[in-house]
Amino acid sequence: MFNRRQVLAGLATTVITTMTSKQVFAAPIKIDDTSALLVIDVQNCFLPGGSLAVKDGEQVVPVINRIARSFANVVVTQDWHTVGHTSFASAHPGKKPFETIDLAYGKQVLWPDHCVQGTEGASLSKDLSIPQAALILRKGFHKDVDSYSAFTEADGKTTTGLAAYLKARKLERLFVAGLATDFCVAWTALDARKAGFETYVVEDACRGIDTQGSMAKAWTDMDKAGVKRIQSSDIAA
């Protein structure tokens, strides 16, 4: 026979445990000296009017500016392509943007010409306000290989040196924001996990391109890798 007091006590314990777990999950994430914000490719080419504009891309700027105030450690990246870069559709006669081809290092999505070195399109958004950023890392400057990730180029072996830089500064937790969610943000987050960093993607501080199911795949891959998905409101002010 059930003991009414035992049942009620058990229910109370369950309710308290559930409430506690929710409260812990909802607690703001405190940014400390082991944390760094990676701001990925917030450049004019990816903003309204740019040659590869990401829908609503400009909306990430105020969110990034706001959360950046909590970070003493910030790295900003730039796509920095040569003229005639292999990732450009224009470099492959008969091909159109967003088609996929096979290159020596694997599948490559072809893009409109974008972020060409020294051009206004390659410049960071003038509205970014992160004066404490200690490093601007340029990637994709090798003509024959693309570089979505801030850590490793698309050949999977040529590194940018970012992992060593972060580890030398004893940084352990990375928060990734910027453009575009399903390419440079996702590849950066995945490589951050491979390098052993605790990794978060700030979802409302990113926007995606979503070509051929790329958004769904990116989130699936990040979830499997242990990348944590958060909102900017989850970061303690």
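This is a predicted model: local features need pLDDT of at least 70, side-chain atom pairs count only at pLDDT 80 or more; totals for chains, interfaces and linings use all residues.

Analyst: A residue is called buried when its relative accessible area is under 20%, exposed when it is over 50%, and partly exposed in between.

D56 sits in the loop between β1 (35-40) and α2 (60-68). Its phi is positive, at about 65°, although D56 is not a glycine. The relative accessibility of D56 is 28%, so this residue counts as partly exposed. A second case is F98, in the loop that runs between β2 (74-79) and β3 (100-103). F98, likewise a residue other than glycine, has a positive phi near 80°. Because its relative accessible area is 32%, F98 is also partly exposed.

The loop of D56 lies between β1 and α2, and helix α2 contains I64. With a relative accessibility of 0%, I64 is therefore buried. Leaving aside residues up to four places away in sequence, I64 touches V39, V42, L128, I130, A177, G178 and A205. One of these, V42, is 22 residues from I64 in sequence, and the two C-alpha atoms are 9.8 Å apart. Two others, A177 and G178, fall within the range of β6 (173-179).

The peptide bond from L179 to A180 is cis, with omega near -10°. A180 belongs to the loop between β6 and α4, and α4 in turn brings the account to the largest pocket, as this helix provides seven residues, the largest share of the lining.

The volume of that pocket is about 550 Å³. Its lining comprises 23 residues, and those nearest its centre are D182, F183, W187, K217 and D221. Besides α4 (181-194), both β4 (106-109) and α5 (214-225) supply at least two lining residues each. By class, the lining holds eight nonpolar, eight polar and seven charged residues.

Taken along the chain, the picture is as follows. The positive phi values occur at D56 and F98. The cis bond from L179 to A180 involves the loop between β6 and α4, and α4 makes the largest contribution to the pocket lining.

Technical notes
Residues are numbered from 1 along each chain as its sequence is written. Side-chain values use heavy atoms; hydrogens and water are left out. On a 1 Å grid over the protein atoms alone, a cavity is a set of points where a 1.4 Å probe fits but cannot get out, and a pocket is an open set with protein on both sides within 12 Å along at least five of seven lines; lining residues have an atom within 4 Å of a point. Grid points are joined across faces, edges and corners, and a volume is the space filled by probe spheres set on the points. Helices (H or I, at least four residues) and strands (E, at least two) are DSSP runs, numbered from the N terminus. Ala, Val, Leu, Ile, Met, Phe, Trp, Tyr, Cys and Pro count as nonpolar, Asp, Glu, Lys and Arg as charged, and the others, Gly among them, as polar. Buried means under 20% relative accessible area, exposed over 50%, partly exposed in between (1.4 Å probe, protein chains only). Contact means heavy atoms within 4.5 Å.
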